[in-house]
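Colleague: Please take me slowly through one part of this model, beginning with a single side chain and then going on to the pockets.

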Amino acid sequence: VSATTLIETSTESSKTDITPLLPPQLDKIVQLNPVSFRYKSNNEYSIGLIAEEVVKIYPEFVSYDDYGNISGINYSKLTSVLVQGIKELKQIVDEQQITINQLLKK
């Protein structure tokens, strides 16, 4: 059994114009529509997103073939927006916890 690991260049020295990924990502993330499906080519079951839907929300995640047709999704880019979405959720939860604690003190 062999395993494949995807490693992408991600060092600071390989990048320029670095800026934080700003909110609101959560509003965009919830627009994504995860689905289960079977590939037509081999009937293999899988889960994922539909590229034609993703392009409307995150066009930078979608790849194209030589003819300009949508051909796939770069799922590794999704990780960054999911991390930002979790940070946004944490801020909401933290603010709600402060409110709950204040209400419990009354």
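Modeller: A residue is called buried under 20% relative accessible area, exposed over 50% and partly exposed in between, with a 1.4 Å probe and protein chains only. Because its relative accessibility is 10%, Gln-84 counts as buried. This is a predicted model, in which local features need pLDDT of at least 70 and side-chain atom pairs count only at 80 or more, while totals for linings use all residues. Residues are numbered from 1 along each chain, and side-chain values use heavy atoms, without hydrogens or water.

Gln-84 belongs to helix 3, residues 75-105 (a DSSP run of H or I, at least four residues; a strand is a run of E, at least two). Leaving aside residues up to four places away in sequence, Gln-84 touches Leu-21, Leu-22, Pro-23 and Gln-25 (heavy atoms within 4.5 Å).

Of its 15 lining residues, Ser-10, Lys-15, Ser-76, Lys-77 and Ser-80 lie nearest the centre.

The second largest pocket holds about 240 Å³, and of its 14 lining residues Phe-37, Tyr-39, Leu-49, Ile-73 and Tyr-75 lie nearest the centre. Strand 2 (45-48), helix 2 (51-57) and strand 4 (70-73) each supply at least two residues of that lining, with the largest share, four residues, coming from strand 4.

Note on methods:
On a 1 Å grid over the protein atoms alone, a cavity is a set of points where a 1.4 Å probe fits but cannot get out, and a pocket is an open set with protein on both sides within 12 Å along at least five of seven lines; lining residues have an atom within 4 Å of a point. Grid points are joined across faces, edges and corners, and a volume is the space filled by probe spheres set on the points.
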